[in-house]
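My entries follow in the order I made them.

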Amino acid sequence: MTRVSRDFSDTMQKEAVPAVSADVTFTSSRFPNYKLGPYNQILEAKEDPKVVSMKEVVARETAQLLDQQKRLSVRDLASKFEKGLAAAAKLSDEARLREAVSLEKHVLLKKLRDALESLKGRVAGRNKDDVEDAIAMVEALAVQLTQREGELIQEKAEVKKLANFLKQASEDAKKLVDEERSFARAEIENAREAVRRVEEALEEQERISRASGKQDVEELMKEVQEARRIKMLHQPSKVMDMEHELLALRLQLAEKSKHSLQLQKELLISKSRRGEESMSDMYEIDGPEALGSHLQIQACSDKAPDLSHCSVQWYRVSSEGGKRELISGAIKSVYAPEPFDVGRVLQADIVLDGYPITLTTSGPIDPAAGLGSYVEALVRKHDTEFNVVITQMNGADHPSESIHVLHVGKMRIKLCKGKATIAKEYYSTSMQLCGVRGGGNAAAQALFWQAKKGLSFVLAFESDRERNAAIMLARRFAFDCNIMLAGPDDRAPQGT
């Protein structure tokens, strides 16, 4: 390494200058990087092979930003812009450092050229040519350094432009992020408010439904009952217009029958007062003697024993021959006449301490007004439906009170619940159908149906009219099939 000092001229005069080798070569086309050490000593800096030029760094960062711009979210894009801005600031600092290094290089080249010019005046011959070549090389290196500085200035301008662009983009991204964040917060608040309103509405609806639930069910049941009544009033019939008049006549007849029974009771009481009170005067049959009602045995005297200690048996008596026919199962104090009893006299035998007492109705059982024409209208139908409730099944009480449908057809009877079939049987000798022969105020609205041996039902209808119509209609269709449909141990009268 050559040392340049102030006493260079004295040294050259005292010592012979050794020849400069002509085969000196430079390892690169650029002037090496030198630094000034202590006492103006030139130190060669080691080159870092990993150093990347500023243009390549900028190009690589720009390519990465353009490649990832479509895949980044707003927040990631803002982060990338901030990183690019930091990288641009770092590149700007590196450019300033390189500018400082370039200034040092210019100073060094100038000192080297001055030293070579001073050396040129002191040497001659071949050494002088070598010095001139070195001066030319130094000048060439200065030109290259100037060009490199120009490139650095241009790169610096590009970096500054990119930094401004990235800064503006970062500000725009931050602004966009703030706007999106505020919009998202507003949407979240609106959603929370909507959820709160919906919850309040649901709570209010639930409270109202709890308060009006029972009332709605009761109103619905009333509407269903009214709809059924209207449906029954609009059943097809040729004499529908005459039913109102018949109903009025029926009411008048019931009033007259009640008045007649009252007179008979008063007559019996007056007879019992005049004479000794007999056993037959202790009880009487009370109730309208017509189809659709129920008859009940009542005590006429305080001395009459309780009927629970007596045995009761009902009979039907033909008005022609006077022959009594036992009504199987009718052993209660209450009996509801059925269509077989129309035109017949009913009797009830009471056995008290081995002494029989016979009670008889004042006359034959009267038919229900308008029932015959109603049944004739239903006969023209292939199938008629009746709403019923099963109260007993095979002699055991049925717990469910759900509504079933009884289909009375020309060939068979079917009992259904919705789409499920409970029983379906064709008319046969094993089938039995009659009115319920037990007690209770609802006996006039119930019937007994044995579909086959081992399967029987007690069905309750909506009205006594429906029950009697179903019995008469089924017996009419069974008669067309040469089947006499009656109750247990009954003998169907002629012309039924």
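I looked up W314 and found it buried, with a relative accessible area of 0%. Buried means under 20% relative accessible area, exposed over 50%, and partly exposed in between (1.4 Å probe, protein chains only). Y335 also counts as buried, at 1% relative accessibility. The model is predicted: local features need pLDDT of at least 70, side-chain atom pairs count only at pLDDT 80 or more, and totals for chains, interfaces and linings use all residues. Residues are numbered from 1 along each chain as its sequence is written, and side-chain values use heavy atoms, with hydrogens and water left out.

Rings of Phe, Tyr and Trp (its six-membered ring) pair if their centres lie within 6.5 Å; planes under 30 degrees apart count as stacked, over 60 as edge-to-face and the rest as tilted. By this rule I have three aromatic pairs. One of them is W314 with Y335, stacked at 5.5 Å centre to centre and 25° between the planes. This pair links distant parts of the chain, 21 residues apart: W314 is in strand β5 (residues 311-317) and Y335 in strand β7 (residues 334-335). Helices (H or I, at least four residues) and strands (E, at least two) are DSSP runs, numbered from the N terminus.

I then looked up W449 and F457, whose ring centres are 5.7 Å apart with planes at 25°, so this pair is stacked. W449 is buried at 1% relative accessibility, and F457 is buried with a relative accessible area of 1%.

A charge sits over a ring if NZ of Lys or CZ of Arg is within 6 Å of the ring centre and within 35 degrees of the ring normal. I found R465 over the face of Y374, at 4.3 Å from the ring centre. The charged end of R475 sits over the ring of F340, 3.7 Å from its centre.

Why is α6 largely enclosed by the rest of the structure? Seven of its nine residues (371-379) are buried, so I wrote it down as largely enclosed. The buried residues include Y374, along with L371, S373, V375, A377, L378 and V379.

I recorded seven helices and 17 strands. Of the 496 residues, 31% count as buried.
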